[in-house]
Amino acid sequence: MSDAVRSRDFYVDALGLAVIRDDSSTPGMHWVEVAPKGATTGGVVFEQEPETRPYGIEAVLRDPDGNRLVLLQRTGQPGPAA
């Protein structure tokens, strides 16, 4: 991210996420972590760590009911509109 404050503000103000961590204590680094409001980051086990695919970056986890959730960050050309 080129501007941590601008990015943080986008995720919080535009997407409604909550700041979990905002740490610039290490020179040259600014760590910002966000999550849906009311969510916690502990206890999440990834079935597949983030991997680069031809269509984007994909990670897979399971929710408490065993449902498989695929997190995708698209790269390149957008796909067809849904």
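So, leaving aside its neighbours within four places in sequence, which residues is Glu58 in contact with? Taking contact as heavy atoms within 4.5 Å, the list is Gln48, Glu49, Pro50, Glu51, Arg53, Val70, Leu71 and Leu72.

Quick housekeeping. This is a predicted model, where local features need pLDDT of at least 70 and side-chain atom pairs count only at pLDDT 80 or more, while totals for chains, interfaces and linings use all residues. Residues are numbered from 1 along each chain as its sequence is written, and side-chain values use heavy atoms, with hydrogens and water left out.

Back to Glu58. You'll find Glu58 in strand S4, residues 56-62 (strands are DSSP E runs of at least two residues, helices H or I runs of at least four, numbered from the N terminus). Glu58 is buried at 13% relative accessible area, because buried means under 20%, with exposed over 50% and partly exposed in between, using a 1.4 Å probe and protein chains only.

Okay, salt bridges: a side-chain nitrogen of Lys or Arg within 4 Å of a carboxyl oxygen of Asp or Glu. The whole structure has six. Arg8 and Asp22 pair at 2.5 Å, N to O. That one links distant parts of the chain, with Arg8 in helix H1 (residues 4-14) and Asp22 in strand S1 (residues 18-23), 14 residues apart. Arg8 also bridges to Asp9, closest N and O atoms 3.3 Å apart. Asp9 is partly exposed at 32%, and Asp22 is partly exposed at 36%.

Then there's Arg21 with Asp23, at 3.2 Å, N to O. Meanwhile, shared partners join Arg8, Asp9 and Asp22 into one network.
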